[in-house]
Amino acid sequence: MKEHESVPYSLPRLDDAEAVSRAEAMRDRMKQRRTCRYFSDEPVPREIIEAAIEAAGTAPNGANHQPWHFAVVSSPEMKRAIREAAEEEERNFYTGKASEEWLDALAPLGTDEDKPFLETAPWLIVVFAQRKGGIEEDGKTQNYYVNESVGIACGMLIATLHEAGLATLTHTPSPMGFPREICGRPDVEKPLMVVVVGHPAKGATVPAHALKKKPLEQISSWL
Ligand code: IYR
């Protein structure tokens with residue numbers, strides 16, 4: 001390594017049996033996660049959202065520039081504005097822009113342009129990717145591996161919210177110009193997704209299709 005300032009690092013050493021059982025327990029909890037499209041309006045403590053964002057903020061990322069911003073929306077007016085803008089983009093998607101092949105792929109999920117959950121759920125976390133800014137957020141310094149970094153951060157955000165017993169939905173209308181304006185974020189930031197957070201509605205369902213998970217043999221090769 002080149003000369004650089006460093007500090008010690010170690011982890012509590014688990015024995016193999018304990019490590020395997022913790023990995024399997026985590027897997028089993030993650031297996032319970034679903035993308036939920038029916039949310040209750042029941043409030044959720046702000047501290048959960050804060051902790052999840054802090055967890056996301058620890059994600060591995062390019063040059064430690066931490067190229068993300070999480071705009072947390074709870075006001076009914078702003079949720080309505082986001083819903084209206086998202087539904088307009090989704091209407092264009094479902095009634096024109098999307099290819100037949102794409103619509104066929106979505107059919108087993110039952111999605112459409114109606115997004116009432118954007119108003120019902122107590123929290124919307126609008127995730128922005130900073131193309132520039134560096135660690136000081138100067139708006140000029142080049143950032144690196146931005147999509148990879150923010151994608152990993154979103155995974156950690158969602159995992160933490162799931163661990164807190166909350167349902168999430170990653171909403172990605174495209175194009176996604178509107179959240180920047182609604183949330184008052186600068187041009188160097190690109191909205192990546194809206195993470196909808198809350199408790200599932202009573203009687204919520206998920207598409208059976210979403211339960212079909214590729215087995216380990218299919219998603220891995222061991223070389
Ligand atoms: N953004 C649209 C369409 C959509 C696309 C994919 I790929 C999905 O997995 C789910 C939905 C929507 O939110 O309805």
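**Aromatic pairs, sheet and pockets**

Trp102 is partly exposed, with a relative accessible area of 47%. The model is a predicted one.

Me: How many aromatic pairs does the structure hold?
Reply: One of the pairs is that of Phe93 and Trp102, which is edge-to-face. The total for the structure is 3.

Me: How many residues apart in sequence are the parts that the pair of Phe39 and Phe117 ties together?
Reply: Phe39 and Phe117 form a tilted pair, 6.5 Å centre to centre with 50° between the planes. Phe39 counts as buried at 6% relative accessibility, and Phe117 is buried with a relative accessible area of 6%. Phe39 lies in the loop between α1 (16-30) and α2 (46-56) and Phe117 in helix α5 (residues 117-120), so the parts tied together are apart in sequence by 78 residues.

Me: Which strands stand at the edges of the sheet?
Reply: The open sheet is formed by 4 strands with antiparallel pairing, in the order β1-β2-β4-β3. Each edge strand has a single partner strand, so one side of each is left without a neighbour in the sheet; these strands are β1 (68-73) and β3.

Me: What does the twist average from one strand to the next?
Reply: The strands concerned are the 4 of the open sheet, whose pairing is antiparallel. From one strand to the next, the twist averages 25°.

Me: Over how many bridges do β2 and β4 pair?
Reply: Strand β2 (residues 123-130) pairs with β1 in the antiparallel sense over 6 bridges. On that side, Trp68 has Ala129 as its bridge partner in β2, and His69 has Phe128. Towards β4 (residues 189-198), Leu124 stands opposite Val196. The pairing of β2 and β4 is also antiparallel, and its number of bridges is 8.

Me: Which residues lie nearest the centre of the largest pocket?
Reply: The largest pocket holds about 360 Å³ of space and is lined by 17 residues. At least two residues of the lining come from each of α3 (76-97), α4 (100-106) and β3 (167-171). By class the lining has 8 nonpolar, 6 polar and 3 charged residues. Nearest the centre lie Glu90, Tyr94, Thr170, His171 and Thr172.

Me: How many charged residues are in the lining of the second largest pocket?
Reply: This pocket has a volume of about 310 Å³. Its lining consists of Arg27, Met30, Lys31, Arg33, Arg34, Leu211, Lys213 and Lys214. By class, 2 of the lining residues are nonpolar and no residue is polar. The number of charged residues is 6.

Notes. Residues are numbered from 1 along each chain as its sequence is written. This is a predicted model: local features need pLDDT of at least 70, side-chain atom pairs count only at pLDDT 80 or more; totals for chains, interfaces and linings use all residues. Side-chain values use heavy atoms; hydrogens and water are left out. On a 1 Å grid over the protein atoms alone, a cavity is a set of points where a 1.4 Å probe fits but cannot get out, and a pocket is an open set with protein on both sides within 12 Å along at least five of seven lines; lining residues have an atom within 4 Å of a point. Grid points are joined across faces, edges and corners, and a volume is the space filled by probe spheres set on the points. Ala, Val, Leu, Ile, Met, Phe, Trp, Tyr, Cys and Pro count as nonpolar, Asp, Glu, Lys and Arg as charged, and the others, Gly among them, as polar. Rings of Phe, Tyr and Trp (its six-membered ring) pair if their centres lie within 6.5 Å; planes under 30 degrees apart count as stacked, over 60 as edge-to-face and the rest as tilted. Buried means under 20% relative accessible area, exposed over 50%, partly exposed in between (1.4 Å probe, protein chains only). Two strands pair if DSSP finds at least two bridges between them. Axes are lines fitted to C-alpha atoms, for helices over the stretch in contact, and angles run from 0 to 180 degrees between N-to-C directions.
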